[in-house]
Amino acid sequence: MEVFVVSLLNGLVYGMLLFMLASGLTLILSMMGVLNFAHASAYMLGAYFAYTISQYIGFWPALIIAPVLCGLIGAGIEMWGLRRVHQNGHIAELLFTFGLALLIEKGVQMTWGLLPVPYRVPELLDFPLFKIYGTQFPAYRAFMLLISALMFGAIWLGLTRTRIGLVIQAALTHPDMASALGHNVPRIFTLVFAAGTALAGLAGVIGGNYQVTEPAMAFTMGPIVFVVVVFGGLGSLSGCFIASILMGLIQTFAVVFDVSLADLLAKFGFVVTSSTPFAEILTVTLPRIGALLPFLMMVLILVFRPRGLMGTRDT
Amino acid sequence: MNMLRRHWPWLLVLVILLAFPFLFYDWTKGRHSGFVLTLMSEIGVMAIFALSYNMLMGQAGLLSFGHAVLFGLGAYCAAHVVNMVKAGTIWLPTELIPLAGGLGGLFFGYVFGWLVTKQRATAFAMITMGLGELVSAAALMFMAFFGGEGGITIDRVMDTSLVGVRYTSPWQVYCLVLAWAFIAAALMRLQTQTALGKMANATRDNFERAQFVGYDPRMVRLMQFTLSGFFAGIGGGLYVLIYEIVTFDTVSAAKSANALLAVYIGGAGGFFGPILGTIVVVLLQSGVSLLSNAWLLYVGVLFIVMVMYAPGGLIGLIFMHLPIWRAGRMRELLLPYARAFPPALLVLLGFVFMVELASFTTIGAAQGKRFTIGGQLIDTTAPMPWVIAIAALVLGALWLRHEARGFRQRWDELMEGSKRAQATAAPKPQEAVA
């Protein structure tokens with residue numbers, strides 16, 4: 001029971017962090033059709049910016065400034081890079097962001113070094129909030145939950161209650177029609193791209209000190225975010241939300257349960273020994289494949305239901 | 001004789017490639033340069049890999065992010081076969097080991113292909129990415145087949161050669177790689193002309209119409225994927241013979257990305273583009289990575305510049321000159337090119353200088369390296385070098401922009417002229433000897 005509650009909370013925190021990254025990506029992917037490989041790079045940039053800013057001014061200004069910087073970079077990329085590449089087709093766009101991801105990773109390595117930087121939780125939040133069954137729950141995780149919940153509320157309100165949000169929703173499913181109605185779709189693209197990268201930057205600011213701020217963080221986070229977006233389905237924020245929470249929970253719970261297929265078979269009176277065929281596969285424990293489960297799920301859902309959980313069209 | 005007349009460039013390239021290592025031959029010690037031979041063998045293997053990747057990307061329009069899975073699994077299969085031959089369980093000549101890798105690739109190409117080819121476009125790309133992650137993680141997990149982190153080591157000296165060569169020296173291995181590279185390239189070239197190759201093009205351009213004509217696009221994709229796995233596996237088998245070890249990074253995403261970079265930089269449109277791209281990427285990887293910490297940055301920048309300004313790749317750039325070449329007016333482009341060259345060089349130097357300054361202040365300093373140009377130590381923390389670098393970059397860029405305008409004008413005139421010449425000229429008689 002205690003393991004369950006603690007894992008549930010941790011899974012929620014991780015899931016919300018994933019959602020913050022994935023929400024921007026899902027908007028970008030469904031609107032512009034661009035599989036943005038540089039999205040996780042914005043997450044990394046956010047963390048590094050926050051680290052540098054918090055050294056000089058403090059963590060709280062960094063919470064605002066770093067995402068804004070990321071958003072500006074995103075707007076620049078869209079206006080001077082992507083828009084130019086757009087005429088060469090989707091694959092060219094995708095490859096452009098792929099090159100950008102390489103570039104940003106190397107740039108980060110050259111600016112901040114190869115080793116992880118000591119980006120820490122601010123002192124104000126560095127205390128255990130409460131104890132459940134003897135396990136401490138840090139206040140910073142609660143803060144992360146709060147920020148991501150606020151952000152989720154803001155996105156939802158923005159998309160459903162404001163004029164620009166409605167236009168974005170229209171452009172999400174029918175970009176040509178929205179443009180024919182006189183809306184400046186390219187400008188909306190820039191806006192969404194900038195907002196998406198800013199969100200990724202924000203995720204980096206609060207996720208960088210929760211995890212480790214290092215040059216490889218974009219490469220470890222990137223594929224998972226893709227999985228979330230594809231799993232949730234294109235053009236659906238709620239699908240994306242469910243997928244993020246699901247992935248967060250799966251990954252945290254997989255670490256806790258130390259079971260394998262062999263244990264399951266043993267329940268039915270079938271004992272696996274080293275001479276059984278495929279013994280190596282049967283005896284792999286769940287924590288070891290925990291990080292793989294999302295990819296397995298993505299492959300399966302794409303093969304059997306290519307539009308994802310709640311998607312409006314095929315990927 | 002007719003064959004020879006039509007295919008002489010292949011022979012010429014073969015002779016050049018055989019002769020090239022002798023430029024680096026150490027006559028005093030009487031042996032080849034190991035570095036050059038390994039580098040060229042690597043180019044050979046990666047060229048096969050890139051060509052097999054282009055069977056998907058260029059021919060069938062399928063963007064794969066996990067092509068190294070087929071390459072790596074082929075390599076693992078070949079490694080196991082070598083170990084079995086060594087142990088005496090089976091007999092197979094050394095020359096045919098790459099074929100064993102190819103069959104492994106074919107098998108896994110069919111198994112995985114059955115799964116991934118259900119979808120196309122973005123979904124296909126995402127499935128291959130997921131599969132790539134799964135296999136590279138599995139490679140670390142299962143000891144029996146993949147050997148964990150240590151990988152699987154082999155000894156290529158098996159004494160089962162058909163031609164009596166023991167493959168103890170890199171030169172012998174290089175010859176084997178060259179032979180297989182030519183066989184594989186020729187087969188892939190021929191494959192583009194088969195019905196399957198043509199149908200792959202058709203499903204790429206318009207899969208709905210291909211469906212109407214009566215072909216099942218999925219079967220076309222599956223067959224193309226399986227064949228591409230076969231050739232990737234051949235590359236994997238050669239890889240094992242060169243390095244005598246196969247580890248999990250042969251199936252990793254980085255390896256897949258290499259193929260993608262090579263194909264795109266070279267140009268996916270023409271058959272020979274990927275080979276060109278492979279040469280550039282491998283040279284950057286092996287050559288520049290020795291000189292600079294920031295080689296990945298150069299690859300990234302080159303890649304972005306190619307995507308933005310030359311979507312057809314290097315081969316596309318070359319083919320752009322074809323109409324002017326036919327009109328016999330290439331000479332008139334010499335001056336514009338010569339005028340654009342110095343500013344381009346200035347931009348390049350400024351950029352490289354700046355990147356190197358940055359990388360030496362952070363990464364280099366941590367590794368205890370010093371930045372020297374021609375024996376002159378350069379203080380990377382002083383403002384002067386930075387000012388020079390930035391000035392070169394900015395001035396060069398402005399100058400290049402100015403020259404580019406003139407260049408484009410000249411280019412357009414020439415293109416216009418060659419088009420008009422083509423329109424007025426009578427249709428040329430086809431090749432005299434058909």
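Predicted model: local features only at pLDDT ≥ 70, side-chain atom pairs only at ≥ 80, totals over all residues.
**Fold of chain A**
I looked up the secondary structure first. Chain A holds 14 helices and 2 strands. I then checked its radius of gyration, which is 21 Å. The globule rule gives 20 Å for 315 residues, so chain A is as compact as a globular protein of that length. I also took the box around the C-alpha atoms. Along the principal axes, the box is roughly 70 × 50 × 40 Å.

**Contacts along the sequence**
I asked how far apart in sequence the contacting residues of chain A lie. I counted contacts between residues at least 6 apart, and 77% of these join residues at least 24 apart.

**Burial and surface**
I looked at burial next. In chain A, 55% of the 315 residues count as buried.

**Charges**
I compared the charge positions. Chain A has 14 positive and 12 negative charges. Their mean positions lie 10 Å apart.

**The largest nonpolar core**
I turned to the core. The largest nonpolar core counts 196 residues. A:M31, A:F96, A:I206 and B:F112 have the most contacts inside it. I checked which element gives the most to this core: helix α1 of chain A, residues 2-32, with 16 residues.

**A:I206 up close**
I picked A:I206 from that group and left aside its neighbours within four places in sequence. A:I206 then touches A:L17, A:M20 and A:L63, among others. Its list of contacts also includes A:Y140, A:F143, A:M144 and A:I147.

Methods. Residues numbered from 1 in each chain as written. Chains lettered and ligands numbered in written order. Heavy atoms only, no water. Core = buried A, V, L, I, M, F, W, Y, C linked by side-chain atoms within 4.5 Å. Buried < 20%, exposed > 50% of the residue type's maximum accessible area, 1.4 Å probe, protein only. Helix = DSSP H or I, 4+ residues; strand = E, 2+ residues; numbered from the N terminus. Contact = heavy atoms within 4.5 Å. Rg over C-alpha atoms; globule rule 2.2 N^0.38 Å. Lys, Arg positive; Asp, Glu negative; His and termini not counted. Charge placed at Lys NZ, Arg CZ, Asp CG, Glu CD.
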